[in-house]
Amino acid sequence: MAVAQAQKATLSAERESMVKSFVADVFRVNSVVDPKNASLRPASKQKLLEGGAQLIHQRFAGQPELQAELYGVVGSVFHDMGAYAIAADYFTRQIEVLVLMRADQIAHAKALLNLAEALRKDRRCRDAEDRAQRAREMSKADAAVHLDSLLRLARLQLCRDRGDEAVETTLQQAEGILAKQPPGPTSARALATFLRAILLSNKNRDDGAMPVYEQAIDTALRSEGPLSNTAISIRLTVAHQLAQTQFADKAQEHFDAAATALRTLGGAHEVRAAYETADFARHRYLAFSQIPGSEAIAVLERSRAFLNSSPMPIPEQWIPEIDFWLGNVKRGYGDIAGALPLLEAGAPTILKFDATARTRLSVSSSLGRAYQSAGRHDIADGLLRERMQLRRAIRG
């Protein structure tokens with residue numbers, strides 16, 4: 001028995017070492033810093049996706065368990081980075097392998113929940129809800145995974161505007177499982193408390209929601225430690241929600257705490273911190289005029305410089321997206337000459353990756369107003385007409 005356990009531990013350690021080495025190889029090839037990798041660096045998101053996926057498929061042919069694990073690990077790195085679309089692709093490949101190897105339902109459910117989370121963060125809530133529903137049905141034999149599926153499903157029901165009653169039903173099922181567990185802080189309790197706070201906020205009870213948000217964050221920190229991923233996720237959501245209320249200063253406080261934790265974690269998390277910081281700065285300036293334009297520009301330019309020099313494989317659309325945000329801030333700041341080239345350069349890549357009506361509305365509106373301010377009324381007229389048509393289509 002002791003010999004068998006020792007052999008199993010050795011094999012497990014060797015497997016973990018192999019996984020770490022392989023993942024390092026994938027991201028080393030994708031480095032922009034090492035000149036040896038320059039010719040190998042993928043030119044686009046799709047090539048980046050295919051490059052890592054092909055390495056997994058070819059190097060570990062005939063080893064489906066290892067392939068599934070590697071798809072999951074690489075997907076998790078991209079998820080940590082904030083590259084949710086790429087993460088979702090890797091998690092999808094992981095699930096395909098799990099299906100082929102007829103993996104047990106709990107392993108399948110865990111992979112489905114990872115995919116659901118990446119899809120939610122990539123704003124594909126309908127697809128995410130479908131995966132969470134399937135995970136819920138598959139995970140009934142494992143209380144912990146079933147609880148996780150219920151909490152993620154409740155959050156997706158909020159994302160889909162299913163109504164508080166549907167969310168309440170799912171959340172109560174999760175709280176029923178929590179009530180049977182030993183007392184003390186856990187990640188699941190933190191998420192359940194966070195969802196309660198959102199329900200209060202949805203009823204315009206922000207004063208009542210604030211202490212519940214704080215309780216959720218405190219529970220996550222006590223459960224996972226000062227660099228809690230759950231606390232980071234909650235803080236970022238809270239920051240964006242509070243920025244729309246009278247608690248704007250509190251919003252920045254929560255955001256700064258989350259960004260500091262991400263930078264401390266380093267690696268892929270630090271990349272995410274740069275992108276999230278840019279997004280929050282443009283959000284606070286363009287949506288609410290809560291910070292000066294000069295401050296927003298400085299933050300955006302710092303984030304852009306960091307991402308542009310990062311050794312991690314940055315999604316193709318991020319730099320053009322930040323350029324577009326910079327153009328919008330400069331337009332609002334009155335610098336039309338500086339704004340227009342940035343907007344023109346960023347728009348095609350943004351639309352290449354997201355051609356939804358809402359994104360097209362944002363692009364046509366920003367470009368139309370910039371051309372109008374520049375006195376190029378013929379182009380502005382067409383874009384602003386397109387904006388009107390898209391608004392009608394979105395309103396139904």
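Reader: Which residues are buried in α6?

Author: Cys125, Ala128, Glu129, Ala132, Ala135, Arg136 and Met138 are buried in α6. Buried means under 20% relative accessible area, exposed means over 50%, and partly exposed lies in between (1.4 Å probe, protein chains only). The model is predicted: local features need pLDDT of at least 70, side-chain atom pairs count only at pLDDT 80 or more, and totals for chains, interfaces and linings use all residues. Residues are numbered from 1 along each chain as its sequence is written, and side-chain values use heavy atoms, with hydrogens and water left out.

Reader: What covers the buried residues of α6?

Author: The cover includes α5 (105-121), α7 (143-159) and α8 (164-179). Contact here means heavy atoms within 4.5 Å.

Reader: Why is arginine 136 called buried?

Author: Its relative accessible area is 18%. The limit is under 20%, so arginine 136 counts as buried.

Reader: What makes aspartate 130 and arginine 134 a salt bridge?

Author: Their closest N and O atoms are 3.7 Å apart. A salt bridge needs a side-chain nitrogen of Lys or Arg within 4 Å of a carboxyl oxygen of Asp or Glu, so the pair qualifies. Both residues lie in helix α6, 4 residues apart, about one turn of the helix. An α-helix has 3.6 residues a turn, so residues three or four places apart point the same way.

Reader: Which salt bridge do the side chains of aspartate 130 and arginine 131 form, and at what N to O distance?

Author: These two side chains meet in a salt bridge at 3.8 Å, N to O.

Reader: Why is arginine 131 called partly exposed?

Author: Arginine 131 has 21% relative accessibility. That falls between the limits, so partly exposed is the term. Aspartate 130 is also partly exposed, at 36%.

Reader: How many salt bridges does a search of the whole structure find?

Author: The search finds 22. One of them joins the side chains of arginine 136 and glutamate 137 (3.6 Å, N to O). Salt bridges that share partners also join Glu117, Arg120, Lys121, Asp148 and Arg152 into one network.

Definitions and conventions: Helix = DSSP H or I, 4+ residues; strand = E, 2+ residues; numbered from the N terminus.
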